[in-house]
Amino acid sequence: MTRFTEYGDYDGLGLAELVRSGQVTASDLLSEAMARAADVNPQINAIIEPMHDFARQTIADGLPEGPFTGVPFLIKDLIVSYKGIPQRNGSRFFQDYIATADSELAKRFKRSGVVTFGKTNTPEFGVTPITDPETFGSTLNPWNLEHSPSGSSGGSAAAVAARIVPMASGGDGGGSIRTPSSCCGLVGLKPTRGRTPTGPLGDLWYGMAVEHVLTRSVRDSAAMLDATHGQDAGPPNIAPAPERPYLEEVNRDPGKLRIAYSTHPMIGRELHPDCKQAVEETAKKLAALGHHVEEATPVIDREAFIRAFAVLVAADTSALIRQGEAMMNRKARRKDFEPRTWALKRLGEAYTSADFSAALFHIQQVGRTMGRFMNNYDVFLTSSCGTPPPKPGDLSPQGMDRVSVEALNRLPIAKLGTNPKLVIQAAERVYDFMSQTPVANATGQPSMSLPLHWNDAGLPIGSLFTAKFGDEATLFRLAGQLEQAHPWADKKPTVCS
């Protein structure tokens, strides 16, 4: 078969138009996507579960008419479930688990017309911002194979950047769509809390985690949000309804926006010079487009935030493992999990209900702080990450961090779990990297990383735009304006089929 060599030049909507006009078929696109995966995936380890027969059957059964009919697609192997397909969550413990039903978001992905042909790599339970699970190995960054695409949607980000697919699914509980998008030169939107469905589950990380996609174009992100947003049955959170389709917002004039920017890390200890430069250059671009831009930084107690975030993630991890025991019909053992995950599980069991309530209260207070700050601005600009793309293993426990994790796994946990210094020490380097993104997870605000800067080493450095609660429209308008003024579509990574 003749290869469709121009495939990687199109975004998802562009490929769908080719199918709609009869210039190519869905089977043609699937064949090209699978060929590209065969060429590139051995180098980057992005796809860990092929679904080729599933994809062929999807086409044979007849595709629905949607915005992305016939477009090849990949799903992150976490949270979103496809009936009859393994769902391992990056963990040894779930190696034999087969999903028994489609999740609500999976149903909406299918109705959009995409053809899903594989699942992408993710860290165990998505608890770290780097994709290096022991079960499947590290995913590598297509821009430089010595670096990581970040995580937890690292497999999806690497596959999109390498032009295997124009978009792939991801979830974001602390930055897991936005930091991989930053590291891989992509568009990554974390929607407003409650914007996309979580059914049949309830809150994901107590409302902090939201599902969407990673894309190369702004319009693909908007069109997929049009296809998937809206409440399902009995949602714990409901986002305000949009005024019009998000795809229409992409080409609308944003007007003169009030934009605050900050070159200070909100949660990390310091900001890398490359990331600071990205923010400063983006601020200049915004001013040149006619926006009012000024430097301002909301005041967040970083150590209190890290402590509260850790309590909630630990509680959720412990509950997930308990739920997994029922799903797998066997007792969880320490050897079934990575050391970080087991430490979180033990912490989750050690914290009291008062600890949990205090953590949740603090996170909600951060929402109030940001709400007051955003009263004066339409958009808040920071770097997407605190550092350039890390290398595999960079954020794994090392030195005293490793000692801290081992202590949490071996020693009496109750006393250690109530020691905030130990928890903060074990997480410092992680938060130095994901130094900006978790705040929008705590507040529920929509937040989008855009690929507007590359450093001298040729690595992408994302710019992070956060809007008021429920206001994805402003982000799409601004992103569309920036994409037109400073296009990035022609930039291709080192590893690109």
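A pocket, as the word is used here, is an open set of grid points, where a 1.4 Å probe fits, with protein on both sides within 12 Å along at least five of seven lines. In this predicted model, the largest pocket holds about 750 Å³ of space, and the second largest pocket holds about 290 Å³. Helix α10, which spans residues 302-328 and crosses helix α15, gives the most residues to the lining of the largest pocket.

**The largest pocket**
- The lining is made up of 35 residues, and those that lie nearest the centre of the pocket are I79, L201, L204, L320 and Q323.
- Two elements, β4 (167-172) and α10, each give two or more residues to this lining, with α10 contributing 6.
- By class, the lining of the largest pocket consists of 16 nonpolar, 13 polar and 6 charged residues.

**The second largest pocket**
- This pocket is lined by 19 residues, of which D9, R163, R216, A489 and D490 are the closest to its centre.
- Its lining divides into 8 nonpolar, 3 polar and 8 charged residues.

**The crossing of α10 and α15**
- The axes of α10 and α15 (residues 420-433) come within 10 Å and cross at roughly 95 degrees, and because angles of 65 to 115 degrees count as roughly perpendicular, α10 is described as roughly perpendicular to α15.
- On the α10 side, the contact is made by R302, E303, I306, R307, F309 and A310, while α15 brings P420, V423, I424, A427, E428 and Y431.
- Sorted by class, the residues of this contact are 8 nonpolar and 4 charged, with no polar residues.

Conventions:
Residues numbered from 1 in each chain as written. Predicted model: local features only at pLDDT ≥ 70, side-chain atom pairs only at ≥ 80, totals over all residues. Heavy atoms only, no water. Axes fitted to C-alpha atoms, helices over the stretch in contact; angles between N-to-C directions. Helix = DSSP H or I, 4+ residues; strand = E, 2+ residues; numbered from the N terminus. Parallel < 35°, antiparallel > 145°, perpendicular 65-115°, else oblique. Contact = heavy atoms within 4.5 Å. Nonpolar A, V, L, I, M, F, W, Y, C, P; charged D, E, K, R; others polar. 1 Å grid on protein atoms, 1.4 Å probe; cavity = no way out; pocket = protein on both sides within 12 Å on 5 of 7 lines; lining within 4 Å. Points joined across faces, edges and corners; volume = space filled by probe spheres on them.
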